[in-house]
Amino acid sequence: VCLCSTTHYLYNLQLLISGTQTNIELRNNIIIMPNIKPKANLSEFTRPESIILPNEEYFLSIKCDTQMIHWAMHSRSKNLLPTWAWKTPPLSIELISSFDENIVTLAHVIPSHLKKFLFGGNNKAYFTKDFAEKECQSRGYKLTYYIICPSDSQARYISKILSCVPSRGYLIRRQDFFPELEDKSQDSSNSFKTHTLVDTSQCAYLKAAMYRHGLPALVIHADRSRISYSATDSNGTIMGGGISPGLNIRWKSCHHDDSNSIFGGDVDGDDNDNDEIVENSLPRLEEDDILQFIRKSIDKKQPLSIFTQNVKEAMVVSSLNEIAAHLRSVINLWLSKVGSSDDTPTNSAYNINSDRIVSVTGVHGEILNALLQPNFGGMIESSYHGVNEKEDSTVSWENSLIHVGFTALLKQQMSLNDSNKQKSKYDVTTNLHFADKPISKSKKASKPQKDALAKRHIGKRVAKYFDEASPDGDHYYRGTVNDVNSSLELGGVLLTGTFYYIIYDDSDTEHMSTKELKESINLYKLIGEKGIK
C-alpha cells in the first residue's frame, strides 16, 4: 500500500502491532512487514472471571462483520438487555492514524451518552486518560466489553482504542454459546466442511432466539450480500443451516456487460417501450430501486405483479419471489423436522416455542419479514386472492438480535455460577427465560408460569400513534418489546403488575401495560412496518 505521511503511518502501525517483535521496512514509500498474525488484547470468555461484577450497571457488546461494527450498551437494571445500539463502519489504520491519540478515535466512534459515561463529558477537552480514570473511580468499575469478531485486525483495532480507558475485554467464541461445539474437528475429506456455517454470530442469534422464544429455534439473517439461516431442534441441538445470495448480490448478478441476450421492453418504468436498448446488458439495480418499487406497490395497494412488462420490476419481483419461496420451504421443512409443540420434550431447560416463532433479523430483515407474512405481506402478487393463508409458524422481525445473544450468554453463565454457590427453592433460571416444565394452559398459572407467558411477548413488534410526528411526517412509531418487569417506579410510587419495556426504532423507550401492549401489537399488525405492509 502506497502511503502519504509515511513516517506518521509507520509510527502508528508499529504501535498497533502490540506484543510482537516486527521489523517494518520502508521501501520506495511502501510499507513492508513480515507475515504476522495480529493478536487482540482480549481474554477468552471463561466462567466466572469474565461475567460482569455485582456493581457493574452497564457493559458493552460488540459484533463485527465485513460491512459494519454493531455496538450496544446493556443495563443490569434492564435485565442485561441492550438499552441503546449504534453502528459504525469498520475501523481502519487510516482512521486510527488520522487522530493524534487512540483515545480520540474512541470518542469518534461512540455516541454522546457513552462519552459522558466514560469521560464525564462530551467536550473534546474531556477525552483524556485522566478524565477516563477519574470517571472510572467515580462509578466504581471498569468498562467490560464482549466482542464477536471474525477479523483479527478489527478485534485488534477495537481492543486498542478501548484500552485507552479502564476496561477489560473478552472474545466470544461459538463454543461459549454451545459448549458441545468445542474441539470439533473438521472433516478434511469433504471440502464443503472446511468452513463453519454455524459460526459464532449464528450461535449468538440462535441463543437469542432460544432466550426469547424457547425451543426449537430458527433464525433467518439477511444482510446485503447474503441470506443465511440456522436452526436447533426441540432439544437445543444445532441442526445446521444454509446460505444463499442476498438481495443486492441477486440484483447485481443480473447486470453483466458480457451477457448473451438482448432485453427489450420498458426498462425505466415510464411506459415507453422505445427505451434505448443496450445489447448484452440488463439495467443495474441499486438498493433504492427495490424500495421504490415496494413503496409504489404499497401506496397504490397493488402488489408487484409476477407478470410484468417492466424489466426492472421483473428483476425485483423475481428476486423477492425466489427468496420468499426458498425461505418458506426452509420453514416448512424445519416445522416437519421439529414436529408440533406437543412433541417437544417436557424436560427441556428452556421454554417451549409453542407458536413456532421464526426470528428474522439483519439489514433486509424487514423486507423478508413482510415476504414471509400471509399473502407475501401484500408486497408481491399471491395466488390466494385475498384469502389468508394458513400459517403454522409466526415470523417475527427482531432488530439488534445479536446483542440479545450476549444477554442470553451472560444470563446463563451467571445462573450457572450462582447454582454452584447455593441451591435455592426454585431453579435459579426460572426468571431468566428458562423453565422447568412446559406451561399448561389448562390449569391456573403460577407466578413463574405467568412470568413465562408474559415474556413470550419479548421480541414482538408494536406500533403506537404519537402527536409529534417523526422527521418524515409519520405519526406512527414502531418498536420492539425488549423486556418485562413485575414492578415500575413512577413519580416516586412503586407500582406492581406486568409492565412491558418498549424500545422504539428511534431509540426512545417507554413501559406499557398488558392492555396497551395488546393494542400496540394489533396496531402493528394493521399498519405493518414503515413503507412495508
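Me: How many of the eleven residues of helix α6 (residues 152-162) are buried?
Reply: Happy to start there, with a note that this is a predicted model, where local features need pLDDT of at least 70, side-chain atom pairs count only at pLDDT 80 or more, and totals for chains, interfaces and linings use all residues. Residues are numbered from 1 along each chain as its sequence is written, and side-chain values use heavy atoms, with hydrogens and water left out. Helices (H or I, at least four residues) and strands (E, at least two) are DSSP runs numbered from the N terminus, and buried means under 20% relative accessible area, exposed over 50%, partly exposed in between (1.4 Å probe, protein chains only). Helix α6 is mostly covered, and among its buried residues are Q154, A155 and R156; the buried count is eight.

Me: Is α3 roughly parallel or roughly perpendicular to α6?
Reply: Axes are lines fitted to C-alpha atoms, for helices over the stretch in contact, and angles run from 0 to 180 degrees between N-to-C directions. Helix α3 (residues 102-109) packs on α6 at about 105 degrees, the axes being 8 Å apart. Angles under 35 degrees count as roughly parallel, over 145 as roughly antiparallel, 65 to 115 as roughly perpendicular and the rest as oblique. So α3 and α6 are roughly perpendicular.

Me: Which residues of α6 make the contact with α3?
Reply: Contact means heavy atoms within 4.5 Å. From α3, the contact involves N102, T105, L106 and V109, and from α6 it involves K160, I161 and L162.

Me: Which ring lies under K78?
Reply: A charge sits over a ring if NZ of Lys or CZ of Arg is within 6 Å of the ring centre and within 35 degrees of the ring normal. R139 lies over the face of F117, at 4.4 Å from the ring centre. For K78, at 4.3 Å from the ring centre, the ring is that of Y501.
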